Amino acid sequence: QVQLVESGGGLVQAGGSLRLSCAASGRTFSSRVMAWFRQAPGKEREFVGGITWRGGSTYYVDSVKGRFTISRDNAKNTVYLQMNSLKPEDTAVYYCASSTSYSYTPGSFQSWGQGTQVTVSS
């Protein structure tokens, strides 16, 4: 099992920035990719972006491209989500997840964090 703990959420004004962290522990050797998902009130959980542990390759949904950046520190087993130019529609609970495959579909992730709230005010 992989345990994931998110941190860094909070309240920020539109146009501001936040950096989220996701610390992984436990059976991390089998983890291939880490990803960020988010869920806004009344909406389905959606994929935001992901990164591979091995090469650091990233992938983002169109709505966050150019604004969000995912990075990782392999030595610390930690991934980050740098969010810039935040918009009110970015308001959601953000979750990190770990997968043993290279698929970014929600069902491919075996471990999930508890989530951290990000609120962007207008």
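This is a predicted model: local features need pLDDT of at least 70, side-chain atom pairs count only at pLDDT 80 or more; totals for chains, interfaces and linings use all residues.

A residue counts as buried when its relative accessible area is under 20%, as exposed when that value is over 50%, and as partly exposed in between. D90, at 1% relative accessibility, therefore counts as buried.

- An open sheet is formed by 4 strands, which follow one another in the order β1-β3-β8-β7 with antiparallel pairing.
- Because β1 (2–7) and β7 (68–73) stand at the edges and each has a single partner strand, one side of each is left without a neighbour in the sheet.
- From one strand to the next, the twist averages 20 degrees.
- Strand β3 (residues 18–26) pairs with β1 over 6 bridges in the antiparallel sense, and Q3 stands opposite S25 in β3.
- Strand β8 (residues 78–83) also pairs with β3 in the antiparallel sense over 6 bridges, with R19 standing opposite Q82 in β8.

**E6, a buried acidic residue**

- E6 lies in strand β1, and its bridge partner in β3 is C22.
- Although E6 is buried, it has no salt bridge, and the nearest side chain of opposite charge, that of R45, is 7.9 Å away.
- The side chain of E6 reaches the backbone nitrogen of Q114 at 3.0 Å and the backbone nitrogen of G115 at 2.8 Å.
- Leaving aside residues up to four places away in sequence, E6 touches several residues, among them W36, Y94, Y95 and C96.

**Salt bridges**

- A search of the whole structure finds 4 salt bridges, and in one of them the side chains of D90 and R38 meet at 3.0 Å, N to O.
- Since D90 lies in the loop between β8 and β9 (92–99) and R38 in strand β4 (residues 33–39), the pair ties together parts that are 52 residues apart in sequence.
- R67 forms a salt bridge with D90, with the closest N and O atoms 2.7 Å apart; R67 lies in the loop between β6 (58–60) and β7 and D90 in the loop between β8 and β9, so this pair ties together parts that are 23 residues apart in sequence.
- R67 is buried, with a relative accessible area of 11%, and salt bridges that share partners join R38, E46, R67 and D90 into one network.
- K65 forms a salt bridge with D62, the closest N and O atoms being 3.0 Å apart; K65 counts as partly exposed at 47% relative accessibility, whereas D62 is exposed, with a relative accessible area of 63%.

Technical notes: Residues are numbered from 1 along each chain as its sequence is written. Side-chain values use heavy atoms; hydrogens and water are left out. Two strands pair if DSSP finds at least two bridges between them. Helices (H or I, at least four residues) and strands (E, at least two) are DSSP runs, numbered from the N terminus. Axes are lines fitted to C-alpha atoms, for helices over the stretch in contact, and angles run from 0 to 180 degrees between N-to-C directions. Buried means under 20% relative accessible area, exposed over 50%, partly exposed in between (1.4 Å probe, protein chains only). Lys and Arg count as positive and Asp and Glu as negative; His and the chain ends are not counted. A polar contact is a pair of N or O atoms within 3.5 Å; within protein, one must be able to donate a hydrogen and the other to accept it, and residues adjacent in sequence count only if both atoms are side-chain atoms. Contact means heavy atoms within 4.5 Å.
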